[in-house]
Amino acid sequence: MDDDIRPTGERRRSAPPDADAPPPPAPEAPTSPPPTAEAPAPPPPGRPPRRLLRWSAALLALLLLPLLTAEAALRVNYSGDPAAGTRTRHRDALWLGHAWVDGRKRDQDVEVLARRLRGTGVRDLYVHSGPLEHDGSLPDSAYHEARWLIAAVHRELPGVRVQAWLGDELATESPDGMRLERSATRAAILGSARRILDAGFEGVHFDLEPLHSGDRDYLALLDRLRALTRQRHALLSVAAHQIDPLPAFHSFWGATTGHPKWWSQAFFGQVARRVDQIAVMSYDTMQPLESLYGGYVAQQTSLALEVTPDSTDLLMGLPFYHENRFGHRAHAETVPAAVRGVRLGLSRTDAGRARFGVALYVDFAATEADWRAYRRDWVD
């Protein structure tokens, strides 16, 4: 700093001021510019404004609240004790793979299967005998060992019925697949069912997916199939999609994902009234925990019981397979949780119902633990 400049900014004098001289004028107070409103600092680069963050958080909470509420309700649904007597009615079923009708299985395999099933509640076998062609036809070569299997099962397991499991992918969500809206396709399916019964099967079991809720062409097909099976004193059974866990949930899910997945409860009832057996595919539920899965199965059991007529066998699917992928977690979807859920739903809705059972999916993926849980929790 220059020696001639005071810290206050005044110039230093070379001699003391004259006493008679008038005092120097007082220095003017420095003036400050008028205050102005301070502009808000812009957000750091790369970060959204706080208002947007608040709105996003509120929207997320709004979307998650119904989901969390529904999940909490499922956990509550899994609580309590099943009623006494809510066990097998000896109307259970087992899905079997294609190896049983294409020559890969022999007599000793049937004997092993018979030892496995004796003393359980399994009364029906759904044996994969397709798939159907997209036009509804089915080559006889697809099930060329059917007569051998049926005779072997009747020999080893008297009273157990063998049904042909037929399925195909529908063109409801992609350009390829079966089109039920075509009358020629429905007529071909009817012809395939007729030949299946000619081969000695005691029923035909259909699994057509993805089948959207409200499909009138499917209902028309079932009407024609029911006339055929009644004429032939055979069974008509179907694998059914799950029922809306919330009202109209299939519509919401279909609009957001393109895959409606669920059926309305009313449509489920329409299907159930047209068949002898309806088996709910109560797995691949997207539930992350065993307790939530069990509560979901309990809910599905109650929903299905409410609309299935007493004349129709209602079967709830048990997951006898172990995969980890979107929609299915092996640690959550277990046989013990499913059986407990089935028994809770049965207890709360129609504990005395006779035409009721479980369907085990599927033989070639089942473990010893699955079979033990089925026997312990449902049969014994």
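Me: What share of contacts between residues at least 6 apart in sequence join residues at least 24 apart?
Reply: In this predicted model, the share is 80%. A contact is counted where heavy atoms lie within 4.5 Å.

Me: What makes a residue count as buried, and how many of the 380 residues do?
Reply: The cut-off is under 20% relative accessible area. Buried residues make up 47% of the chain.

Me: Why are S6 and S7 called paired strands?
Reply: Pairing requires at least two bridges between two strands. Strand S6 (residues 277–280) and strand S7 (residues 313–319) have four bridges, in the parallel sense, so they count as paired. Ile-278 has Leu-314 in S7 as its bridge partner.

Me: Which strands close into the barrel, and in what order?
Reply: Eight strands do, in the order S1-S2-S3-S4-S5-S6-S7-S10, with parallel pairing. Neighbouring strands are turned by 25 degrees against each other on average, direction ignored. Helix H5 (residues 216–231) packs on this sheet, where it touches strands S4 and S5. Helix H8 (residues 290–307) lies across S6, S7 and S10.

Me: How is the packing of H2 and H10 described?
Reply: Two packed helices are described by an angle and a distance between their axes. For H2 and H10 the angle is about 40 degrees, and the axes are 12 Å apart. Arg-115, Arg-116 and Leu-117 of H2 meet Glu-368, Trp-371 and Arg-375 of H10.

Note on methods. Residues are numbered from 1 along each chain as its sequence is written. This is a predicted model: local features need pLDDT of at least 70, side-chain atom pairs count only at pLDDT 80 or more; totals for chains, interfaces and linings use all residues. Side-chain values use heavy atoms; hydrogens and water are left out. Axes are lines fitted to C-alpha atoms, for helices over the stretch in contact, and angles run from 0 to 180 degrees between N-to-C directions. Helices (H or I, at least four residues) and strands (E, at least two) are DSSP runs, numbered from the N terminus. Buried means under 20% relative accessible area, exposed over 50%, partly exposed in between (1.4 Å probe, protein chains only).
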